[in-house]
Amino acid sequence: MSDLAFLSATELADLIRTRELSSEDLLRHYLDRVDRYNPEINAIVVDLREQALVLARDADAATARGETWGPLHGVPMTVKESYKVAGTPTTHGKVEWKNEIATEDAESIKKLKQAGAIIFGKTNVPLALADFQSYNAIYGTTNNPWDLTRSPGGSSGGSAVALATGMSALEIGSDIGASIRNPAHYCGVYGHKPTYGIVPYRGHLLPGIVQPGDISVAGPLA
């Protein structure tokens with residue numbers, strides 16, 4: 001079963017679509033791995049499992065009816081803490097933002113959900129997303145899964161660790177000067193910095209800012 005955790009998101013979506021695998025069973029498989037590995041490495045810092053399990057059962061019921069929510073139908077995933085997910089804190093690791101609870105999803109999160117993905121957690125970041133490690137005073141330190149004495153990189157460090165340990169099928173990070181690429185390299189996964197402006201950034205930045213004024217982008221890790 002451990003191999004299942006490391007299949008690509010598209011492979012997992014195909015297994016769910018053909019009913020060889022249920023979304024709920026896959027989510028529970030990832031959650032079992034979270035419970036086993038996350039306490040030591042501290043990658044997933046916001047837990048959304050209860051609402052995710054409801055959505056997974058809904059996805060399986062839709063599959064049984066011959067319906068699909070999109071190309072990621074029923075695929076469980078985690079997202080970088082800095083993306084707004086309704087009902088969760090979005091702190092960027094800043095203590096003064098600890099009680100900032102999002103009232104709506106970031107645009108990229110909306111699009112992932114529209115594609116059928118099921119978000120079950122948020123992953124750790126450094127303070128202000130501004131370091132090649134992943135520590136902040138709210139959530140603590142994320143460790144490199146290959147050597148717990150070393151850093152997983154940053155700022156999408158929790159994202160890369162969640163994938164490298166088989167705790168998540170897919171991730172979305174953000175990158176100015178290697179915040180996707182650096183932790184992907186440190187943890188042995190893949191990360192992509194897309195062309196500026198292709199992936200919507202609203203909901204990742206301060207209120208009222210739609211698109212960053214520099215080379216910051218949203219992008220996937222897998």
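These legends describe close-up views of a predicted model.

**View A. The stacked pair of Tyr-30 and Phe-120.** One aromatic pair turns up in a search of the whole structure. Its members are Tyr-30 and Phe-120, whose rings are stacked, with 6.4 Å centre to centre and 15° between the planes. Tyr-30 belongs to helix 2 (residues 23–41) and Phe-120 to strand 3 (residues 118–123), so the pair ties together parts that lie 90 residues apart in sequence. Tyr-30 is buried, because its relative accessibility of 0% falls under the 20% limit. Phe-120, at 2% relative accessibility, also counts as buried.

**View B. Strand 3 and the strands that pair with it.** Strand 1 (residues 44–47) pairs with strand 3 in the antiparallel sense, over three bridges. Within strand 3, Gly-121 is the residue that stands opposite Asp-47. Strand 2 (residues 76–80) runs parallel to strand 3 and is joined to it by five bridges. Lys-122 in strand 3 is the bridge partner of Val-79. Between strand 2 and strand 3 the chain passes through helix 4 (residues 107–114), and this β-α-β crossover is right-handed. Six of the six residues of strand 3 are buried, so the strand is largely enclosed by the rest of the structure.

**View C. The largest nonpolar core.** This core has 53 residues. Leu-72, Ile-109 and Phe-120 are the residues with the most contacts inside the core. Helix 2 gives the most to the core, with six residues. Phe-120 is also a member of the stacked pair in View A.

**View D. The surroundings of Leu-4.** Leu-4 is placed in the segment before helix 1 (9–17). With a relative accessible area of 14%, Leu-4 is buried, because the limit for a buried residue is 20%. Neighbours within four places in sequence left aside, Leu-4 is in contact with Leu-12, Leu-15, Leu-21, Leu-26, His-29 and Tyr-30.

**View E. Lys-94 over the ring of Trp-97.** Lys-94 lies over the face of Trp-97. The distance from the ring centre is 4.4 Å.

Note on methods. Residues are numbered from 1 along each chain as its sequence is written. This is a predicted model: local features need pLDDT of at least 70, side-chain atom pairs count only at pLDDT 80 or more; totals for chains, interfaces and linings use all residues. Side-chain values use heavy atoms; hydrogens and water are left out. Rings of Phe, Tyr and Trp (its six-membered ring) pair if their centres lie within 6.5 Å; planes under 30 degrees apart count as stacked, over 60 as edge-to-face and the rest as tilted. Helices (H or I, at least four residues) and strands (E, at least two) are DSSP runs, numbered from the N terminus. Buried means under 20% relative accessible area, exposed over 50%, partly exposed in between (1.4 Å probe, protein chains only). A charge sits over a ring if NZ of Lys or CZ of Arg is within 6 Å of the ring centre and within 35 degrees of the ring normal. Contact means heavy atoms within 4.5 Å. A nonpolar core is a set of buried Ala, Val, Leu, Ile, Met, Phe, Trp, Tyr and Cys residues joined through side-chain atoms within 4.5 Å. Two strands pair if DSSP finds at least two bridges between them. A crossover is right-handed if, with the strands pointing away from the viewer, the path from the first strand over the helix to the second runs clockwise.
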